Amino acid sequence: MKIDMRKIYNFHPVEPAPDPGDLPTGGDLYYECAECSDVVSSVPHIQSACQCGNLSGNGGVLRVKDPVKVRVVRGKLK
Ligand SMILES: [Zn+2]
């Protein structure tokens, strides 16, 4: 079952937008996929992926196929 992260967290874009070639990672940082609008943790500890497959990861490492289609957001628990 897929968890809708937006029901758990409020997301705010990181400003200024980080360089796509050097995306920051962190426990409170999440990547919003510009292609499918899914939000995935930048350090996923469980199997995670966005719908279109641009973002996928596990074990604390997220793989990004196209970093240009990523918006870095900071998540705060609601
Ligand atoms: Zn996607």
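This is a predicted model: local features need pLDDT of at least 70, side-chain atom pairs count only at pLDDT 80 or more; totals for chains, interfaces and linings use all residues.
Modeller: Residues are numbered from 1 along each chain as its sequence is written, and side-chain values use heavy atoms, with hydrogens and water left out.

Colleague: Why is the pair of Tyr 9 and Phe 11 called tilted?

Modeller: The structure holds 3 aromatic pairs. Rings of Phe, Tyr and Trp (its six-membered ring) pair if their centres lie within 6.5 Å, and planes under 30 degrees apart count as stacked, over 60 as edge-to-face and the rest as tilted. The rings of Tyr 9 and Phe 11 have centres 5.8 Å apart and planes at 35 degrees, so this pair is tilted.

Colleague: What makes Tyr 9 and Tyr 30 a tilted pair?

Modeller: Their rings lie 5.2 Å centre to centre with 45 degrees between the planes, and the aromatic pair is tilted. This pair links distant parts of the chain, with Tyr 9 in strand β1 (residues 9-13) and Tyr 30 in strand β2 (residues 29-33), 21 residues apart; strands are DSSP runs (E, at least two residues), numbered from the N terminus. Tyr 9, Phe 11 and Tyr 30 form one aromatic cluster.

Colleague: Why does Leu 77 count as exposed?

Modeller: Leu 77, in strand β7 (residues 70-77), has 62% relative accessibility and therefore counts as exposed.

Note on methods: Helices (H or I, at least four residues) and strands (E, at least two) are DSSP runs, numbered from the N terminus. Buried means under 20% relative accessible area, exposed over 50%, partly exposed in between (1.4 Å probe, protein chains only).
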